[in-house]
Amino acid sequence: MKLIFLGPPGAGKGTQATGVSSHLRVPHISTGDMFRSAIKNQTPTGLEAKRYMDAGQLVPDSVVIAMVEERLAMEDCANGYLLDGFPRTVEQAEALEKIAAPDAVIDIEVPDEKLLDRLTGRRVCTKCSGTFHISKLADEKLCPVCGGELYQRDDDKPATISNRLNVYHAQTAPLIGYYAGLGRLKRIDGDDRPEDVFHKILSSLE
């Protein structure tokens, strides 16, 4: 099965993608991991992407699309894939149709106010790098695992989160309309326990 996962920051998309890809026995391909692997293995597209990145420039669509095509041609994608972070634009989605059109697109939806609470409440340990939520902590400044000091990442501060959500909605709204028009969009309520969201996704694919 060929799948695309959409979802705003904090919706639990990474967790669900890992579980669903394992259940379906298809590779979970995140754009970030794909870039790092292509650059590390010095593939032609990886080297080209690195040239733009080293110059501080955005990697153009043509290179990103070529990299996705290169990755989807690998043997582990013979039975399908789960793409996370691609496509980001309708133009990329149209290009993917010609390479390996997805069977379904999972859109994990969580209200922005819930996402703000999830992300701004996140704390990370300076010693063990563990991640915790203040709602589950007896002491917001002390790691319950190793006793290290907890801190809030800049990425998890309210102004940054609001900006990330605005950018996500602006980028993704056209994609949601595109895949809804093709009849492949599956809207999933992500404001639930992770295991329940997982079962909702699998049910939508049956």
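Which residues point one way from strand 3 (residues 81–84), and which the other way? Tyr-81 and Leu-83 point one way, Leu-82 and Asp-84 the other, and all are buried. Buried means under 20% relative accessible area, exposed over 50%, and partly exposed in between (1.4 Å probe, protein chains only). In a regular strand the side chains alternate between the two faces of the sheet.

This is a predicted model, in which local features need pLDDT of at least 70, side-chain atom pairs count only at pLDDT 80 or more, and totals for chains, interfaces and linings use all residues. Residues are numbered from 1 along each chain as its sequence is written, and side-chain values use heavy atoms, with hydrogens and water left out.

- Helices (H or I, at least four residues) and strands (E, at least two) are DSSP runs, numbered from the N terminus.
- Two strands pair if DSSP finds at least two bridges between them.
- Strand 1 (residues 2–6) runs parallel to strand 3, joined by four bridges.
- Phe-5 stands opposite Asp-84 of strand 3.
- Strand 2 (residues 28–30) also runs parallel to strand 3, with three bridges.
- Asp-84 is the bridge partner of Ser-30.

**Residues around this sheet**

- Contact means heavy atoms within 4.5 Å.
- Thr-31 is found in helix 2 (residues 31–40).
- Thr-31 counts as buried because its relative accessibility is 13%.
- Leaving out residues up to four places away in sequence, Thr-31 touches Asp-84, Gly-85 and Phe-86.
- Ala-17 lies in helix 1 (residues 13–24).
- Ala-17 is buried, with a relative accessible area of 0%.
- With residues up to four places away in sequence not counted, Ala-17 touches Phe-5, His-28 and Leu-82.
- Ala-17 and Val-110 are 93 residues apart in sequence and 16 Å apart in space, C-alpha to C-alpha.

**Nonpolar cores**

- A nonpolar core is a set of buried Ala, Val, Leu, Ile, Met, Phe, Trp, Tyr and Cys residues joined through side-chain atoms within 4.5 Å.
- The largest core has 29 residues, of which Leu-72, Tyr-81, Leu-83, Leu-96 and Tyr-179 touch the most other members.
- Strand 1, helix 2, helix 4 (61–72), strand 3, helix 5 (90–100) and helix 7 (158–181) each give two or more residues to this core.
- Helix 4 supplies the largest share of this core, six residues.
- Apart from this core lies another, of 21 residues, among them Leu-3, Val-20, Leu-119 and Leu-165.
- Leu-83 touches Leu-3, Ile-4, Phe-5, Ile-29, Val-68 and Leu-96, not counting residues up to four places away in sequence.

**Helix 2**

- Thr-31, Met-34, Phe-35 and Ala-38 are buried in helix 2.
- Seen down the axis of helix 2, these buried residues fall within an arc of 100°, so they line one face of the helix.
- The arc is that of the directions from the helix axis to the C-beta atoms.
- Arg-36 and Lys-40 are exposed, on the face of helix 2 turned away from its buried side.
- Strand 2, helix 3 (44–54), helix 4 and strand 3 pack against the buried residues of helix 2.
- Helix 2 and helix 4 pack at an angle of about 85°, with their axes 11 Å apart.
- That makes helix 2 roughly perpendicular to helix 4.
- Angles under 35 degrees count as roughly parallel, over 145 as roughly antiparallel, 65 to 115 as roughly perpendicular and the rest as oblique.
- Axes are lines fitted to C-alpha atoms, for helices over the stretch in contact, and angles run from 0 to 180 degrees between N-to-C directions.
- In this packing, Met-34, Phe-35 and Ala-38 of helix 2 meet Val-64, Met-67, Val-68 and Arg-71 of helix 4.

- An open sheet of three strands has the order 6-5-7, with antiparallel pairing.
- Strand 6 (131–133) and strand 7 (150–151) stand at the edges, each with a single partner strand, so one side of each has no neighbour in the sheet.
- Two bridges pair strand 5 (residues 122–125) with strand 7 in the antiparallel sense.
- Val-124 stands opposite Tyr-151 of strand 7.
- Helix 6 (residues 112–120) lies across strand 5 and strand 6, running at about 20° to strand 5.
- Leu-115, Leu-119 and Thr-120 are buried in helix 6.
- Seen down the axis of helix 6, its buried residues fall within an arc of 110°, so they line one face.
- Strand 5 and helix 7 are included in what covers them.
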